[in-house]
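I opened a new page in my notebook for this chain. Here is what I looked up, in the order I went.

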Amino acid sequence: MVRQIFKKCHEYNIELHNIFIDYSQAFDSINRNKITECLIKYEVPTKLIKLIGLTLTSTIAKLKIGNQFTNEFRIVTGVKQGDPLSATLFSIVIDHILKQLDLRGNITTRIKQCSAYGEDILLTTRMMHALEDTFKKLKEISIHVGLTINEHKTGNNSIEEEIKRRISLGNKAFYANQDLLKSKLLSKNSKLRMYKTLVRPVATYACETWVLKENIKTKLKVFERTVLRRIYGPTKQKDGTWRIKTNEELNRLTDNKNIINYIKAQRLAWFGHVHHMPDTSMVKKVYEWSPAQTRSLGRPKN
C-alpha cells in the first residue's frame with residue numbers, strides 16, 4: 001500500500017514527505033499502568049483486565065552468567081517477551097497513541113496519513129510543516145506511555161537499503177545452517193530444499209513490494225550463487241583438477257529457478273491477491289486510486 005502511494009504521488013507530481021519511526025526497546029519500556037488505562041478505555045471486561053494485570057505485576061527475574069545466577073530483580077516496565085498476549089497489549093497501546101493524532105482516512109483524501117505495523121510507524125504528509133507537527137505530537141504522546149523514539153533508526157529509509165539488509169540477514173541464515181549444507185550425509189536435493197525453506201525466505205522477506213534495479217539483481221544473484229556453490233561443490237575436470245561451477249551450470253542444475261524469478265513469481269501472486277480483495281479493503285482502494293491531478297507528459301523522472 002505504501003509503495004503504491006509513493007509511486008502514484010511521484011507520477012502525478014504530488015509533494016510527499018515521509019518519516020519512518022522506530023521505538024527504542026519498545027516492548028521492554030512501555031508503561032504497564034498505561035496498558036491498564038488503555039484496556040479500560042477500550043471497555044475490556046473488568047475481569048479480563050484484572051487477569052491481565054496479574055500477569056504484569058510482581059515480575060521477578062534472574063540472570064545466568066556462566067553457571068551462576070545473579071540476585072533477583074523486579075521488572076516494572078514492558079510486556080513479557082514470548083507471551084502471545086504481549087503483541088495484543090502492545091498493539092492496543094499503539095492504537096491508542098495513533099488515535100490521538102486524529103489521522104482519519106488516508107493520503108488520497110487528507111494531507112496526512114499514518115501507517116503502522118507493530119512498533120514500526122510511517123508518517124506521510126503533503127506538507128513539511130504538517131509532518132513536523134505530527135512527529136512532535138507523536139513523540140510527546142509516546143513519552144507519556146513510556147516509549148522513546150530511536151533517533152538513530154528514525155528517518156527516510158530507501159528500498160535499496162532494505163534489500164541490502166535482507167541480503168545480510170540471508171547470509172546470516174546461511175552461515176547458521178552451513179554445517180547442514182556442507183554435510184555429506186544429506187543429498188544435494190535435500191540441501192537445495194533446505195536453502196529454499198530456511199535461507200531464501202529470510203533474504204526475500206516482503207519481496208512482493210521490491211523495485212529491482214540491475215545492481216540489486218546482481219547482488220541477489222551473487223548471494224544465491226554463493227549458497228548453490230556450497231551445495232553442489234566444485235566440478236572435476238578431465239585433467240584431475242577442480243574448478244568452481246560456472247553461472248550457466250548453476251542455472252541448468254536449478255532449471256533456471258533462480259532468486260530473481262522467484263521474486264517475480266511472488267510479485268505476481270501478490271498482484272492476484274490484491275486484485276481479488278474486496279472493494280472495501282484499504283489496499284484495494286489505494287491500488288485503484290487515481291489522483292485528481294494532471295499527470296506530466298513522458299516518463300516520471302527520479
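**Burial first, then the cores**

I started with burial: of the 302 residues of the chain, 35% count as buried. I'm keeping in mind that this is a predicted model.

Next I looked up the secondary structure and found 13 helices and 9 strands.

Then I checked the overall dimensions. The C-alpha atoms fill a box of roughly 75 × 70 × 35 Å along the principal axes. The radius of gyration came out at 25 Å, while a compact globule of 302 residues would be near 19 Å.

What do the contacts look like along the sequence? Taking contacts with a separation of 6 or more, I noted that 65% join residues 24 or more positions apart.

On to the inside. In soluble globular proteins, nonpolar side chains tend to be buried together. Here the largest nonpolar core has 29 residues, and Y23, I35, I97, L123, L138 and L147 have the most contacts inside it. Among the elements giving two or more residues to this core are strand 1 (17-21), helix 3 (32-41) and strand 7 (120-125). Which element gives the largest share of this core? That's helix 5, with 7 residues.

Leaving aside neighbours within four places in sequence, L147 touches Y23, A26, S29, I30, F90, I94, I97 and S142. Apart from this core lies another one, of 24 residues, including I159, L192, V227 and Y232.

The chain exposes about 19300 Å², with 54% supplied by carbon and sulfur atoms. I also looked up the charges: 52 are positive and 29 negative, and their mean positions are 7 Å apart.

Definitions and conventions. Residues numbered from 1 in each chain as written. Predicted model: local features only at pLDDT ≥ 70, side-chain atom pairs only at ≥ 80, totals over all residues. Heavy atoms only, no water. Helix = DSSP H or I, 4+ residues; strand = E, 2+ residues; numbered from the N terminus. Rg over C-alpha atoms; globule rule 2.2 N^0.38 Å. Buried < 20%, exposed > 50% of the residue type's maximum accessible area, 1.4 Å probe, protein only. Contact = heavy atoms within 4.5 Å. Areas by Shrake-Rupley, 256 points an atom, 1.4 Å probe, with all protein chains shown as cover. Lys, Arg positive; Asp, Glu negative; His and termini not counted. Charge placed at Lys NZ, Arg CZ, Asp CG, Glu CD. Core = buried A, V, L, I, M, F, W, Y, C linked by side-chain atoms within 4.5 Å.
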